[in-house]
Amino acid sequence: MAVAEALDIQSDLIPKIATGFCSGIARSGGQCGALSGAIMGLGLMSGRVEKGSDEERNYAQVRELITQFEDKFGALTCRVLTDCDLDSPEGQAKFAQSNQIANCLDYAAEAARLALKIGKS
């Protein structure tokens with residue numbers, strides 16, 4: 001959503017389509033939702049506009065985003081980044097008690113910043 005706003009793109013669909021990304025894809029512990037959202041943001045900037053369009057520029061940018069995110073934070077998955085199993089009540093309690101939301105906000109801000117920087121290059 002941050003990337004869309006920076007590009008002056010507004011749609012009620014944007015937060016809706018990313019809802020399942022939270023907690024490493026619906027609490028599965030998978031890829032960080034902030035990273036997933038930033039990949040979608042790159043799609044807004046360099047994604048293909050029609051079936052069969054060249055996607056190589058976008059793919060290269062996404063790979064660069066993934067590399068820079070992992071270099072900065074040391075991981076790509078929610079479970080590793082938070083050290084919590086968010087699919088369990090215990091993991092959710094640990095997440096809250098250790099104030100992991102602050103880290104997640106950092107991941108989101110940095111992922112958006114990286115996407116905007118990479119997408120404009």
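Biologist: What makes leucine 44 count as partly exposed?
Modeller: This is a predicted model, and leucine 44 has 42% relative accessibility in it. Buried needs a value under 20% and exposed one over 50%, so at 42% leucine 44 ends up in between, as partly exposed.

Biologist: Where does leucine 44 sit, and what does leucine 44 touch?
Modeller: Leucine 44 belongs to helix α4. Leaving out residues up to four places away in sequence, leucine 44 touches Ala4, Leu7 and Ile9.

Biologist: Why is asparagine 58 called buried?
Modeller: The relative accessibility of asparagine 58 is 11%. The cut-off for buried is under 20%, so asparagine 58 qualifies. As for contacts, asparagine 58 touches Leu42, Gly43, Ser46 and Gly47, not counting residues up to four places away in sequence.

Biologist: On to the helix pair. How do you know that α4 and α5 are roughly antiparallel?
Modeller: The axes of α4 (residues 33-46) and α5 (residues 56-73) cross at roughly 150 degrees. Angles over 145 count as roughly antiparallel, and therefore α4 and α5 get that label. Their axes come within 10 Å, and α4 passes α5 in a right-handed crossing.

Biologist: Why give an angle as well as a distance for two packed helices?
Modeller: Because two packed helices are described by both the angle between their axes and the distance between the axes.

Biologist: Which residues of α4 and α5 meet?
Modeller: From α4 there are Leu35, Ala38, Ile39, Leu42, Gly43, Met45 and Ser46, and they meet Arg57, Asn58, Gln61, Val62, Leu65, Ile66 and Phe69 of α5. Sorted by class, this contact has nine nonpolar, four polar and one charged residues.

Biologist: What makes α4 roughly parallel to α8?
Modeller: The axes of α4 and α8 come within 9 Å and cross at roughly 25 degrees. That angle makes α4 roughly parallel to α8, because angles under 35 degrees count that way. Here too the crossing is right-handed as α4 passes α8.

Biologist: Which residues meet between α4 and α8?
Modeller: On the α4 side, Ala34, Leu35, Ala38, Leu42 and Met45 take part. On the α8 side, the list is Tyr107, Ala108, Ala111, Ala112, Ala115, Leu116, Ile118 and Gly119. By class, the contact of α4 with α8 holds twelve nonpolar, one polar and no charged residues.

Biologist: How do you know that the span of α4 agrees with its 14 residues?
Modeller: At 1.5 Å a residue, α4 should span 20 Å, and its end C-alpha atoms are 20 Å apart, which agrees. The expected value uses one less than the number of residues.

Biologist: Which residues of α4 are buried?
Modeller: Gly33, Ala34, Leu35, Ser36, Ala38, Gly41, Leu42, Met45 and Ser46. The buried residues of α4 pack against α1 (2-6), α3 (22-25), α5 and α8 (100-119).

Biologist: Why is serine 36 called buried?
Modeller: Serine 36 has a relative accessible area of 8%. Buried means under 20%, so the value meets the cut-off. Serine 36 lies in α4 and touches Phe21, Ile25 and Gln31, with residues up to four places away in sequence not counted.

Biologist: What stands out about phi of isoleucine 25?
Modeller: Phi of isoleucine 25 is near 70 degrees, a positive value in a residue other than glycine. Isoleucine 25 is in helix α3 and, at 34% relative accessibility, counts as partly exposed.

Biologist: And what is the phi of asparagine 99?
Modeller: About 55 degrees, which is positive, although asparagine 99 is not a glycine. Asparagine 99 is in the loop between α7 (89-97) and α8. Its relative accessibility of 45% falls between the 20% and 50% limits, so asparagine 99 counts as partly exposed.

Biologist: What makes glutamate 5 count as exposed?
Modeller: Glutamate 5 has 53% relative accessibility. Exposed means over 50%, so glutamate 5 gets that label. Glutamate 5 lies in helix α1, and its C-alpha atom is 22 Å from that of arginine 57, 52 residues away along the chain.

Terms used
Residues are numbered from 1 along each chain as its sequence is written. This is a predicted model: local features need pLDDT of at least 70, side-chain atom pairs count only at pLDDT 80 or more; totals for chains, interfaces and linings use all residues. Side-chain values use heavy atoms; hydrogens and water are left out. Axes are lines fitted to C-alpha atoms, for helices over the stretch in contact, and angles run from 0 to 180 degrees between N-to-C directions. Helices (H or I, at least four residues) and strands (E, at least two) are DSSP runs, numbered from the N terminus. Angles under 35 degrees count as roughly parallel, over 145 as roughly antiparallel, 65 to 115 as roughly perpendicular and the rest as oblique. A crossing is left-handed if the near helix is turned anticlockwise from the far one by less than a right angle, and right-handed if clockwise. Contact means heavy atoms within 4.5 Å. Ala, Val, Leu, Ile, Met, Phe, Trp, Tyr, Cys and Pro count as nonpolar, Asp, Glu, Lys and Arg as charged, and the others, Gly among them, as polar. Buried means under 20% relative accessible area, exposed over 50%, partly exposed in between (1.4 Å probe, protein chains only).
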